Amino acid sequence: MSTRALIVAPSARAGIGFGEVADPVAGTGQVLVNVLHTSLNYADLNNARNGRVPVGSPLGLDAAGVVTRGAADGSGPSTGTRVVLFADGAFAKRVAVDVSAVAEVPDGVGLAEAAALPTAGLAALRSLRSAAAAPGKRVLVTGASGGVGRYAVQLAAHAGAYVIASVGSSERGVGLASAGANEVIIGLDDVKEPVDIVVESVGGGHLVTAWKLLAPGGSLQSVGWASGEPAVFPPYSTVGPPKTLVSYVNEFAAADDLADLVRLVAEGALVPAIGWRGSWERFTEAADELIGRRVHGKAVFDL
Ligand SMILES: NC(=O)c1ccc[n+]([C@@H]2O[C@H](COP(=O)([O-])OP(=O)(O)OC[C@H]3O[C@@H](n4cnc5c(N)ncnc54)[C@H](OP(=O)(O)O)[C@@H]3O)[C@@H](O)[C@H]2O)c1
(Lines give C-alpha, C1' and ligand atoms only; values in the text may rest on other atoms or scores of the structure.)
Protein backbone atom coordinates (compact mmCIF):
# COMPACT_ATOMS: atom_id res chain seq x y z
CA MET A 1 0.00 0.00 0.00
CA SER A 2 1.12 3.58 -0.59
CA THR A 3 0.16 7.06 0.54
CA ARG A 4 0.07 10.36 -1.36
CA ALA A 5 2.71 12.92 -0.45
CA LEU A 6 4.47 16.10 -1.55
CA ILE A 7 7.97 14.87 -2.30
CA VAL A 8 11.35 16.15 -3.43
CA ALA A 9 11.10 16.07 -7.25
CA PRO A 10 14.07 17.89 -8.85
CA SER A 11 12.38 18.21 -12.27
CA ALA A 12 9.21 19.83 -10.83
CA ARG A 13 8.77 23.54 -10.22
CA ALA A 14 10.49 24.55 -6.95
CA GLY A 15 11.73 20.95 -6.82
CA ILE A 16 8.50 19.75 -5.22
CA GLY A 17 5.76 17.52 -6.66
CA PHE A 18 3.16 14.91 -5.74
CA GLY A 19 4.11 11.26 -5.52
CA GLU A 20 3.18 7.96 -3.89
CA VAL A 21 5.39 6.79 -1.03
CA ALA A 22 5.33 3.59 1.00
CA ASP A 23 2.60 3.57 3.62
CA PRO A 24 4.16 4.37 7.01
CA VAL A 25 4.74 1.58 9.50
CA ALA A 26 4.73 2.73 13.12
CA GLY A 27 7.75 1.75 15.20
CA THR A 28 7.64 1.30 18.98
CA GLY A 29 6.76 4.62 20.54
CA GLN A 30 5.18 5.95 17.35
CA VAL A 31 1.58 6.80 16.48
CA LEU A 32 -0.01 6.61 13.05
CA VAL A 33 -1.73 9.85 12.06
CA ASN A 34 -4.22 10.59 9.31
CA VAL A 35 -3.08 14.09 8.26
CA LEU A 36 -5.85 16.62 7.57
CA HIS A 37 -3.87 19.89 7.44
CA THR A 38 -0.25 20.93 6.98
CA SER A 39 1.49 24.29 6.92
CA LEU A 40 4.27 25.57 4.71
CA ASN A 41 7.62 26.87 5.94
CA TYR A 42 10.66 28.43 4.31
CA ALA A 43 12.51 25.32 5.45
CA ASP A 44 10.34 23.14 3.19
CA LEU A 45 11.35 25.18 0.16
CA ASN A 46 15.02 25.02 1.21
CA ASN A 47 14.83 21.29 1.97
CA ALA A 48 13.59 20.58 -1.56
CA ARG A 49 16.95 21.79 -2.87
CA ASN A 50 19.60 21.36 -0.19
CA GLY A 51 19.77 17.56 -0.06
CA ARG A 52 18.52 17.34 3.54
CA VAL A 53 15.47 15.42 2.30
CA PRO A 54 16.34 12.70 -0.26
CA VAL A 55 14.83 12.78 -3.75
CA GLY A 56 11.46 11.00 -3.71
CA SER A 57 10.94 11.44 0.04
CA PRO A 58 8.12 13.48 1.59
CA LEU A 59 8.81 17.07 2.61
CA GLY A 60 7.10 18.97 5.39
CA LEU A 61 7.46 19.55 9.12
CA ASP A 62 4.07 20.75 10.41
CA ALA A 63 0.80 18.82 10.42
CA ALA A 64 -2.40 18.15 12.32
CA GLY A 65 -4.83 15.26 12.07
CA VAL A 66 -6.29 12.28 13.88
CA VAL A 67 -4.45 9.31 15.40
CA THR A 68 -5.52 6.15 13.57
CA ARG A 69 -3.38 3.84 15.71
CA GLY A 70 -1.93 4.58 19.15
CA ALA A 71 1.64 3.60 20.01
CA ALA A 72 2.18 -0.11 20.63
CA ASP A 73 3.91 0.63 23.94
CA GLY A 74 0.83 2.53 25.19
CA SER A 75 2.62 5.90 25.32
CA GLY A 76 1.25 9.09 23.79
CA PRO A 77 -2.21 9.87 22.44
CA SER A 78 -4.64 7.02 21.80
CA THR A 79 -6.55 6.14 18.63
CA GLY A 80 -9.06 8.83 17.66
CA THR A 81 -7.21 11.71 19.37
CA ARG A 82 -6.87 14.97 17.44
CA VAL A 83 -3.18 15.90 17.36
CA VAL A 84 -0.63 18.40 16.11
CA LEU A 85 2.84 17.16 15.17
CA PHE A 86 6.30 18.41 14.31
CA ALA A 87 8.28 15.86 12.31
CA ASP A 88 10.10 15.28 9.04
CA GLY A 89 7.87 14.08 6.19
CA ALA A 90 4.69 15.79 7.40
CA PHE A 91 3.41 16.47 3.85
CA ALA A 92 1.74 13.04 3.49
CA LYS A 93 -1.77 11.68 3.91
CA ARG A 94 -0.56 9.21 6.53
CA VAL A 95 2.51 9.54 8.78
CA ALA A 96 4.15 7.59 11.60
CA VAL A 97 5.47 9.95 14.28
CA ASP A 98 7.33 9.59 17.59
CA VAL A 99 5.04 10.35 20.52
CA SER A 100 7.70 12.86 21.65
CA ALA A 101 6.76 15.02 18.64
CA VAL A 102 2.97 14.97 19.05
CA ALA A 103 0.51 16.87 21.25
CA GLU A 104 -3.23 16.52 21.71
CA VAL A 105 -5.30 19.40 20.30
CA PRO A 106 -7.89 20.54 22.83
CA ASP A 107 -11.57 20.96 21.99
CA GLY A 108 -12.21 24.41 20.62
CA VAL A 109 -8.95 24.58 18.67
CA GLY A 110 -9.33 23.84 14.96
CA LEU A 111 -6.92 21.42 13.33
CA ALA A 112 -6.09 23.93 10.60
CA GLU A 113 -5.07 26.44 13.27
CA ALA A 114 -3.06 23.76 15.06
CA ALA A 115 -1.23 22.86 11.84
CA ALA A 116 -0.09 26.49 11.54
CA LEU A 117 1.77 26.27 14.85
CA PRO A 118 4.75 23.92 14.96
CA THR A 119 7.82 25.27 13.13
CA ALA A 120 7.11 28.98 13.49
CA GLY A 121 5.39 28.79 16.87
CA LEU A 122 8.11 26.67 18.45
CA ALA A 123 10.82 29.03 17.19
CA ALA A 124 9.00 32.04 18.64
CA LEU A 125 8.14 30.33 21.94
CA ARG A 126 11.55 28.82 22.60
CA SER A 127 13.63 31.82 21.51
CA LEU A 128 11.62 34.17 23.74
CA ARG A 129 11.89 31.70 26.61
CA SER A 130 15.65 31.39 26.09
CA ALA A 131 15.95 35.18 26.19
CA ALA A 132 13.72 35.38 29.30
CA ALA A 133 11.09 37.73 27.86
CA ALA A 134 9.26 39.36 30.78
CA PRO A 135 7.57 42.58 31.91
CA GLY A 136 9.92 45.54 31.65
CA LYS A 137 11.87 44.05 28.73
CA ARG A 138 11.89 45.72 25.32
CA VAL A 139 11.54 43.06 22.62
CA LEU A 140 12.24 43.78 18.95
CA VAL A 141 10.75 41.34 16.42
CA THR A 142 12.11 41.56 12.87
CA GLY A 143 10.15 40.00 9.99
CA ALA A 144 7.14 40.53 12.26
CA SER A 145 4.73 40.15 9.33
CA GLY A 146 5.75 36.52 8.77
CA GLY A 147 5.08 33.19 10.41
CA VAL A 148 7.68 33.35 13.20
CA GLY A 149 7.21 37.09 13.61
CA ARG A 150 3.46 37.08 14.20
CA TYR A 151 3.81 34.41 16.88
CA ALA A 152 6.78 36.20 18.47
CA VAL A 153 4.82 39.46 18.72
CA GLN A 154 1.90 37.75 20.44
CA LEU A 155 4.02 35.64 22.79
CA ALA A 156 6.26 38.54 23.80
CA ALA A 157 3.18 40.66 24.53
CA HIS A 158 1.67 37.76 26.48
CA ALA A 159 4.88 37.64 28.56
CA GLY A 160 4.29 41.28 29.43
CA ALA A 161 7.16 42.73 27.40
CA TYR A 162 7.14 45.99 25.43
CA VAL A 163 7.00 44.84 21.79
CA ILE A 164 8.39 46.57 18.71
CA ALA A 165 7.36 44.87 15.47
CA SER A 166 9.48 45.62 12.41
CA VAL A 167 7.98 45.00 8.96
CA GLY A 168 8.77 45.85 5.34
CA SER A 169 5.77 48.10 4.64
CA SER A 170 2.67 49.43 6.37
CA GLU A 171 0.56 46.90 4.48
CA ARG A 172 2.69 44.05 5.89
CA GLY A 173 2.10 45.36 9.40
CA VAL A 174 -1.69 45.03 9.29
CA GLY A 175 -3.02 43.28 12.41
CA LEU A 176 0.18 43.49 14.45
CA ALA A 177 -0.97 46.28 16.78
CA SER A 178 -4.08 44.32 17.71
CA ALA A 179 -1.87 41.23 18.10
CA GLY A 180 -0.01 43.02 20.89
CA ALA A 181 2.72 45.17 19.30
CA ASN A 182 3.25 48.47 21.14
CA GLU A 183 4.96 49.87 18.06
CA VAL A 184 4.78 48.73 14.43
CA ILE A 185 7.66 50.21 12.46
CA ILE A 186 8.90 49.95 8.90
CA GLY A 187 12.51 48.81 8.83
CA LEU A 188 14.64 49.56 11.88
CA ASP A 189 15.39 53.30 11.64
CA ASP A 190 12.63 54.21 14.10
CA VAL A 191 13.96 52.17 17.02
CA LYS A 192 15.03 55.07 19.23
CA GLU A 193 16.14 53.27 22.41
CA PRO A 194 18.13 50.07 22.93
CA VAL A 195 16.24 46.79 23.16
CA ASP A 196 16.81 43.87 25.55
CA ILE A 197 15.77 41.04 23.25
CA VAL A 198 15.60 40.58 19.48
CA VAL A 199 13.79 37.75 17.72
CA GLU A 200 15.58 38.06 14.40
CA SER A 201 14.44 36.12 11.33
CA VAL A 202 15.49 38.32 8.40
CA GLY A 203 19.31 38.24 8.54
CA GLY A 204 21.56 40.46 6.39
CA GLY A 205 21.45 44.15 7.30
CA HIS A 206 18.64 43.51 9.80
CA LEU A 207 20.93 41.29 11.84
CA VAL A 208 23.70 43.88 11.85
CA THR A 209 21.38 46.74 12.83
CA ALA A 210 19.56 44.67 15.43
CA TRP A 211 22.91 43.81 17.05
CA LYS A 212 23.71 47.51 17.22
CA LEU A 213 20.34 48.21 18.86
CA LEU A 214 20.83 45.52 21.50
CA ALA A 215 21.41 46.86 25.02
CA PRO A 216 24.31 45.62 27.19
CA GLY A 217 23.25 42.30 28.69
CA GLY A 218 20.75 41.79 25.88
CA SER A 219 20.06 38.66 23.84
CA LEU A 220 19.68 38.53 20.06
CA GLN A 221 18.03 35.28 19.01
CA SER A 222 19.06 34.49 15.44
CA VAL A 223 16.13 32.36 14.34
CA GLY A 224 16.23 32.70 10.56
CA TRP A 225 17.63 34.45 7.52
CA ALA A 226 14.65 35.08 5.21
CA SER A 227 16.52 37.77 3.24
CA GLY A 228 19.30 35.41 2.20
CA GLU A 229 21.59 38.43 2.29
CA PRO A 230 25.04 38.51 3.92
CA ALA A 231 25.54 40.35 7.21
CA VAL A 232 28.58 42.63 7.28
CA PHE A 233 29.50 43.84 10.76
CA PRO A 234 31.46 47.12 10.90
CA PRO A 235 34.84 46.85 12.63
CA TYR A 236 34.59 46.78 16.45
CA SER A 237 30.79 46.38 16.41
CA THR A 238 31.20 43.17 18.43
CA VAL A 239 33.57 44.80 20.92
CA GLY A 240 32.03 46.41 24.01
CA PRO A 241 29.87 45.62 27.02
CA PRO A 242 28.78 41.95 26.95
CA LYS A 243 25.67 41.03 24.98
CA THR A 244 24.77 37.78 23.31
CA LEU A 245 23.99 36.52 19.82
CA VAL A 246 22.31 33.12 20.18
CA SER A 247 21.89 30.76 17.24
CA TYR A 248 18.61 28.88 17.18
CA VAL A 249 17.24 25.68 15.64
CA ASN A 250 14.05 23.76 16.39
CA GLU A 251 14.62 20.37 18.00
CA PHE A 252 12.09 17.64 17.19
CA ALA A 253 11.17 16.49 20.72
CA ALA A 254 8.45 19.09 20.82
CA ALA A 255 5.48 17.45 22.54
CA ASP A 256 5.53 19.61 25.67
CA ASP A 257 6.05 22.88 23.81
CA LEU A 258 3.40 21.98 21.21
CA ALA A 259 1.04 21.33 24.13
CA ASP A 260 1.87 24.79 25.49
CA LEU A 261 1.15 26.38 22.12
CA VAL A 262 -2.26 24.72 21.61
CA ARG A 263 -3.17 25.51 25.22
CA LEU A 264 -2.38 29.19 24.60
CA VAL A 265 -4.59 29.06 21.49
CA ALA A 266 -7.39 27.40 23.50
CA GLU A 267 -7.10 30.17 26.11
CA GLY A 268 -7.26 32.88 23.43
CA ALA A 269 -3.76 34.14 24.26
CA LEU A 270 -2.39 33.10 20.86
CA VAL A 271 -4.19 33.38 17.53
CA PRO A 272 -2.58 31.64 14.56
CA ALA A 273 -2.59 34.15 11.70
CA ILE A 274 -3.49 32.16 8.60
CA GLY A 275 -2.81 34.42 5.64
CA TRP A 276 -3.32 31.78 2.95
CA ARG A 277 -5.41 28.61 3.05
CA GLY A 278 -6.31 26.13 0.35
CA SER A 279 -6.04 22.58 -0.92
CA TRP A 280 -2.56 21.08 -0.97
CA GLU A 281 -3.17 20.67 -4.74
CA ARG A 282 -2.45 24.43 -4.84
CA PHE A 283 0.98 23.95 -3.29
CA THR A 284 2.85 25.93 -5.97
CA GLU A 285 0.54 28.91 -5.57
CA ALA A 286 1.15 29.00 -1.82
CA ALA A 287 4.91 28.70 -2.31
CA ASP A 288 4.84 31.66 -4.73
CA GLU A 289 2.86 33.73 -2.22
CA LEU A 290 5.30 32.91 0.59
CA ILE A 291 8.38 33.71 -1.49
CA GLY A 292 6.66 36.89 -2.74
CA ARG A 293 6.14 38.06 0.89
CA ARG A 294 2.37 38.25 0.42
CA VAL A 295 1.34 35.85 3.20
CA HIS A 296 0.34 37.55 6.47
CA GLY A 297 1.44 34.83 8.87
CA LYS A 298 1.10 31.20 7.78
CA ALA A 299 0.02 29.31 4.65
CA VAL A 300 -2.08 26.27 5.57
CA PHE A 301 -3.08 23.33 3.34
CA ASP A 302 -6.22 21.22 3.53
CA LEU A 303 -5.62 17.61 2.49
N1 LIG B 1 15.84 28.11 13.25
C2 LIG B 1 14.67 27.51 13.14
O3 LIG B 1 14.42 26.43 13.71
C4 LIG B 1 13.60 28.20 12.33
C5 LIG B 1 12.25 27.98 12.59
C6 LIG B 1 11.31 28.71 11.84
C7 LIG B 1 11.74 29.57 10.84
N8 LIG B 1 13.07 29.73 10.61
C9 LIG B 1 13.56 30.67 9.60
O10 LIG B 1 13.11 31.96 9.96
C11 LIG B 1 12.92 32.76 8.80
C12 LIG B 1 11.50 33.29 8.79
O13 LIG B 1 10.58 32.21 8.72
P14 LIG B 1 9.05 32.53 8.57
O15 LIG B 1 8.34 31.23 8.55
O16 LIG B 1 8.61 33.54 9.56
O17 LIG B 1 9.03 33.19 7.11
P18 LIG B 1 7.96 34.21 6.50
O19 LIG B 1 6.62 33.90 7.00
O20 LIG B 1 8.19 34.23 5.04
O21 LIG B 1 8.43 35.62 7.10
C22 LIG B 1 9.68 36.16 6.84
C23 LIG B 1 9.58 37.67 6.88
O24 LIG B 1 10.89 38.22 6.62
C25 LIG B 1 10.74 39.48 6.02
N26 LIG B 1 11.75 39.74 4.99
C27 LIG B 1 12.57 40.81 4.95
N28 LIG B 1 13.36 40.78 3.90
C29 LIG B 1 13.05 39.67 3.23
C30 LIG B 1 13.52 39.12 2.02
N31 LIG B 1 14.50 39.71 1.29
N32 LIG B 1 12.95 37.99 1.59
C33 LIG B 1 11.97 37.39 2.29
N34 LIG B 1 11.49 37.86 3.46
C35 LIG B 1 12.02 39.01 3.91
C36 LIG B 1 9.36 39.52 5.42
O37 LIG B 1 8.72 40.61 6.02
P38 LIG B 1 8.26 41.90 5.17
O39 LIG B 1 7.58 41.38 3.95
O40 LIG B 1 7.38 42.63 6.11
O41 LIG B 1 9.54 42.63 4.87
C42 LIG B 1 8.68 38.23 5.81
O43 LIG B 1 7.38 38.43 6.31
C44 LIG B 1 13.26 31.85 7.62
O45 LIG B 1 14.62 32.06 7.28
C46 LIG B 1 13.08 30.45 8.20
O47 LIG B 1 13.83 29.49 7.51
C48 LIG B 1 14.01 29.06 11.33
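**Notebook: the ligand site**

I looked up the domains first: the shell around the ligand draws at least three residues from each of domain 1 (2-116 + 272-302) and domain 2 (120-247); these bounds come from an automatic or database domain assignment.

I noted that this is a predicted model, where local features need pLDDT of at least 70, side-chain atom pairs count only at pLDDT 80 or more, and totals for chains, interfaces and linings use all residues. Residues are numbered from 1 along each chain as its sequence is written, and side-chain values use heavy atoms, with hydrogens and water left out.

I found 24 residues around the ligand (a heavy atom within 4 Å). The closest are S145, G147, G168, R172 and R293.

By class, I recorded eleven nonpolar, eleven polar and two charged residues in the shell; Gly counts as polar here.

I checked the polar contacts (N or O pairs within 3.5 Å). A ligand oxygen lies 2.8 Å from a polar backbone atom of V148. A ligand nitrogen is 2.8 Å from a polar backbone atom of V223. For W225, a polar backbone atom is 3.0 Å from a ligand oxygen.

I then took the area: the ligand alone exposes 910 Å², and the protein buries 88% of that (Shrake-Rupley method, 1.4 Å probe).

Methods: A polar contact is a pair of N or O atoms within 3.5 Å; within protein, one must be able to donate a hydrogen and the other to accept it, and residues adjacent in sequence count only if both atoms are side-chain atoms.
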